Amino acid sequence: MRVVLALFIAASTALPFMPSMIALADVTNNNNNVAPGTSNNNSSNGSPVGTNNTITPTVTPVTTPSRTTSPVALPSVPSGLLVAPDNQKLTLSWDTPNVSEKISGYAVSWSLDGRTWTPVAKARTSTNTSVVLEGLTNGVVVYVQVAAINSSGTGGSISTSGIPAALATAPRGAAVVSTPASGAPYADAVLVSSPAGFWQFGDSPSHTVADNSATGTLSGVPAFGMPAPIGGMIAGYLQGKELISDIPVSDSFTLEGWINPSSINGDAATVARVGDRTNGSFMRVTSGGALQFVGFANGAASKVESVRGLVPSGSWSHLVATYSAGEVLLYVNGERVGAGTSAATGGVFVIGGANDSGFAYTGSVANFAVYSTVLAASDVSAHWNAANYQLGTGNIPSARAGDAFVIVEWTAPVSDGGSRILSYNVQVNTAAGWVDAISNTFSSSTSAFVTQLEDGTRLSNGTAYQFRVRAVTSVGAGNASEAVTATPRGLAAAPTEFAVSVPTLGNVAFSWAAPSNDGGFMITGYRIEISSDNSSWRTYASASADTTTFTMGDVVTGTPFADEVYYFRVRAESSAGAGQST
């Protein structure tokens, strides 16, 4: 008896799911065994029961559809990585990858030095495209990287950095310059300490070198004529330039100067130095407002740095750095703010940082000195006190009003929250609440000239306005200062309802009403003016403040009126002067 038998054996070397066919020889059933599907208990095929049957199976190939599986490719690099700073934390977000990549999670990690990385475990099993890093230190740079994960592994990463920060504290009141007009007390205090070089930058704007009241020579051309921190003096201005002196110092010295930074390019700006970056010493100010001393010995750098926020942009600061036998002391505004060790050397004294150095300084400079000795803390304090420069106190700005304008001034906040101050927001109080007078000054300068609100409404003379200021950082607008009130004042507006009539022959009568705006000052009288060409005017008569009429009675018989055409106008007078004319 023959049957058809389909037999499949999967070979280990065959492709997945591909059947193998083995041809089988005829099989003799010698043990009363029967082929599958047969029985030795019956003879339905005509064979006697119990008879040995010979079965020769035939193997028939069976074809099955082939199937292939393509592995998922590694994920692509995430895109659109953004970092949003907040108080002691950073929020990371990125774009959703292509759905075909079958992302199962993300490899997110962060580092403080770019070498040692801390993974964020919860991100590996989440498809959320954002994560919050918490417990960070405000003002410290954090490096982050993000990569996508799928069944094939982890793809390439995208990286960036951020700085956690809180909102800045409220701006302080404006500093006060109150030194006697000559500025002599400060200069005298410096000269008592025997500087090797001293430059006050009190030169007139036409000068091309800083040689006014100078000890030593500087090469380089600063700008002159800037406001100074010491009363009766002026300051210089540097913009990415170095002023090289002819004064060398040894390995024991003091660097001193006043600065008002306009901006800090990069991480830090060089204010003054001796030597170079192979062997030398640099006094720098960081973008976060820290005073920094960087020493170089055979190209190796070492650093001593104060806390942040001591040297703000837009305000004057008195800086001192001393060095001797590896010991560094730092002072800001007469107070010691840092101490440490550094391997440094002396050299020729230079003021400022050049653009090609990568540490350019831009801002005002005044009263720079270099000493071949280390100033004692008492000397530093004496210099600061002699300047009589009073730092802003409290949180109330100052305001100076003029003709339809107000100048608001303040000092940078005590704390920038850990993020550099980018600009300021100046607001005014209206019936609708606080609105922007200047939404963004786009400058770290600590003064603003306000003539109108952001909506175009101009300041009106005689109207009292309340102003407040907020520092703007990468986190947003910080805490607001307290309000300061100012009233713009200026010339009175033109009298209204001006009219001329001839009541009787030979008489001309004038009448008017008081101005709609007195400019913020009391009207003290009126001036009637005359002109024969409507161009050149002279005063013909005056009237008291409570008078709004005037009659001229000599128009025909007197001079200069006979047979002439004349023009008349009226102006209100106040302590500000004659106002606008009719």
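Biologist: First, what are the ground rules?

Modeller: This is a predicted model, where local features need pLDDT of at least 70 and side-chain atom pairs count only at pLDDT 80 or more, while totals for chains, interfaces and linings use all residues. Residues are numbered from 1 along each chain as its sequence is written, and side-chain values use heavy atoms, with hydrogens and water left out.

Biologist: Why is the pair of phenylalanine 293 and tyrosine 323 called stacked?

Modeller: Rings of Phe, Tyr and Trp (its six-membered ring) pair if their centres lie within 6.5 Å; planes under 30 degrees apart count as stacked, over 60 as edge-to-face and the rest as tilted. Here the centres are 5.7 Å apart and the planes stand at 10 degrees, so the pair is stacked. Phenylalanine 293 belongs to strand β21 (residues 291-297) and tyrosine 323 to strand β23 (residues 317-324), 30 residues apart in the chain. Helices (H or I, at least four residues) and strands (E, at least two) are DSSP runs, numbered from the N terminus.

Biologist: What makes phenylalanine 293 buried?

Modeller: Buried means under 20% relative accessible area, exposed over 50%, and partly exposed in between (1.4 Å probe, protein chains only). Phenylalanine 293 has 0%, so it is buried. Tyrosine 323, at 5%, is therefore buried as well.

Biologist: What kind of pair do phenylalanine 405 and phenylalanine 449 form?

Modeller: That aromatic pair is stacked too, with 4.8 Å from centre to centre and 25 degrees between the planes. It links phenylalanine 405 in strand β30 (residues 405-409) with phenylalanine 449 in strand β33 (residues 447-450), 44 residues apart. Phenylalanine 405 has a relative accessible area of 23%, so it counts as partly exposed. Phenylalanine 449, at 48%, is therefore partly exposed.

Biologist: How many aromatic pairs does a search of the whole structure find?

Modeller: It finds 16. There is also one aromatic cluster, formed by Tyr186, Trp258, Trp384 and Tyr389.

Biologist: How do you know that the charged end of arginine 569 sits over the ring of tryptophan 537?

Modeller: The test asks for NZ of Lys or CZ of Arg within 6 Å of the ring centre and within 35 degrees of the ring normal. The charged end of arginine 569 is 4.2 Å from the ring centre of tryptophan 537. Arginine 489 also has its charged end over a ring, that of phenylalanine 521, at 5.7 Å from the centre.

Biologist: Why does serine 317 count as buried?

Modeller: Its relative accessibility is 1%, so serine 317 is buried. Serine 317 lies in β23, where seven of the eight residues are buried. Beyond its neighbours within four places in sequence, the contacts of serine 317 (heavy atoms within 4.5 Å) include Trp258, Leu310 and Asn333.

Biologist: What makes β23 and β24 a pair of strands?

Modeller: Two strands pair if DSSP finds at least two bridges between them. β23 and β24 (residues 327-332) have six, in the antiparallel sense. Threonine 322 stands opposite leucine 329 in β24. The two strands form a hairpin with two residues between them, and alanine 325 in the turn has a positive phi of about 50 degrees.

Biologist: And which residues have the most contacts inside the largest nonpolar core?

Modeller: A nonpolar core is a set of buried Ala, Val, Leu, Ile, Met, Phe, Trp, Tyr and Cys residues joined through side-chain atoms within 4.5 Å. The largest has 34 residues, and Phe201, Leu319, Phe349, Ile351 and Phe368 have the most contacts inside it.
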